[in-house]
Each structure stands twice: as C-alpha cells, then as structure tokens.
Amino acid sequence: SKVPEAITHRIGTGLLPIMYANWMVWCPVQTINFFLIPPQYWFLLVNAAAVPWTCYLAYKNVEQMENRRLLSEELKQIEEKEKLMKEYVASKQTQS
C-alpha cells in the first residue's frame, strides 16, 4: 500500500523541517517574551511573531502544493512516453 509510504514521505519532507523552523522561531521568541517583556505585554510580542510565522507556514504549504503539481505533471509525461514506447515496440514486433 502506498499510503504509509506517502505519510512517511510527507513527515520527512514537510513536518520535520517545519518543526525545526518552529523551534528556531518560537524558542527565542518565548525566551525573550518571558524574561524581558512585562507580563501585560506578552501577547504583543507573540502576536508580532505569529503574523510572519503564519505567512511562512502558508508559503511552505503553497510550495509543497506546487511541488506536488509539478511532480504529477512529470509523472503524466513519463507515463505518456512509456505508452508511446510500448506502442512503438508493439508496431515493430507486428512488422517483423
């Protein structure tokens, strides 16, 4: 079944890089937030960091969707070429 392979691939190519980026952004933001910012202003820093973070997530999602679309197109081209090759081979065999 291709479903477990697809899930494993998606985790390796999508989730792990996003999680690393998440830790690189939010750990410093929250450290600064809790140690340098007065509690009544914590939400301001978190909101200021959340906007670009959300844009980054949206960008990565669009990037993955575009990559999947390109791969799908390449796969269709390969399948079409294979079909043409099979037809060519079959026509050569009938000519012999």
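How are helix 1 and helix 2 oriented to each other? In this predicted model, helix 1 and helix 2 are roughly antiparallel to each other, and the legends below take up their packing and then a series of close-up views.

**View 1. Packing of helix 1 against helix 2.**
Two packed helices are described by the angle between their axes and the distance between the axes. Here the axes of helix 1, which covers residues 2-36, and helix 2, which covers residues 42-95, come within 11 Å and cross at roughly 170 degrees. Because angles over 145 degrees count as roughly antiparallel, the two helices are placed in that class. The crossing in which helix 1 passes helix 2 is right-handed. Sorted by class, the residues in the contact of helix 1 with helix 2 comprise 15 nonpolar, 7 polar and 3 charged ones.

**View 2. The aromatic pair of F34 and W42.**
Across the whole structure, a search finds 3 aromatic pairs. One of them is formed by F34 and W42, whose rings lie 4.7 Å apart from centre to centre, with 85 degrees between their planes. Since planes over 60 degrees apart count as edge-to-face, the pair of F34 and W42 is given that description. F34 is partly exposed, its relative accessible area being 46%, and W42 also counts as partly exposed, at 29% relative accessibility.

**View 3. The salt bridge between E63 and K60.**
The whole structure holds 3 salt bridges according to the search, and this view shows the one in which the side chains of E63 and K60 meet, at 2.9 Å from N to O. Both residues lie in helix 2, where E63 and K60 are 3 residues apart, or about one turn of the helix. With a relative accessible area of 28%, E63 is partly exposed, and K60 counts as partly exposed at 24% relative accessibility.

**View 4. The salt-bridge network of E66, R69 and E73.**
In this part of the model, E66, R69 and E73 are linked in a network of salt bridges. R69 forms a salt bridge with E66, and the closest N and O atoms of that pair are 2.4 Å apart. The side chain of R69 also meets that of E73 in a salt bridge, with an N to O distance of 2.3 Å. R69 and E66 are 3 residues apart in helix 2 and so are separated by about one helical turn, while R69 and E73, being 4 residues apart in helix 2, are likewise separated by about one helical turn. R69 counts as partly exposed at 38% relative accessibility. For its two partners, the relative accessibility is 32% at E66, which counts as partly exposed, and 37% at E73, which counts as partly exposed as well.

**View 5. L44 in helix 2 and its separation from N33.**
L44 has its place in helix 2, and at 46% relative accessibility this residue counts as partly exposed. Along the chain, L44 and N33 are 11 residues apart, and their C-alpha atoms are separated by 9.3 Å.

**View 6. L15 in helix 1 and its separation from E79.**
L15 lies in helix 1 and is partly exposed, with a relative accessible area of 44%. L15 and E79 are 64 residues apart in sequence, and their C-alpha atoms are 30 Å apart in space.

Methods:
Residues numbered from 1 in each chain as written. Predicted model: local features only at pLDDT ≥ 70, side-chain atom pairs only at ≥ 80, totals over all residues. Heavy atoms only, no water. Phe/Tyr/Trp six-rings, centres within 6.5 Å; stacked < 30°, edge-to-face > 60°. Buried < 20%, exposed > 50% of the residue type's maximum accessible area, 1.4 Å probe, protein only. Axes fitted to C-alpha atoms, helices over the stretch in contact; angles between N-to-C directions. Parallel < 35°, antiparallel > 145°, perpendicular 65-115°, else oblique. Left-handed = near helix turned anticlockwise from the far one by under 90°. Nonpolar A, V, L, I, M, F, W, Y, C, P; charged D, E, K, R; others polar. Salt bridge = Lys/Arg side-chain N within 4 Å of Asp/Glu carboxyl O.
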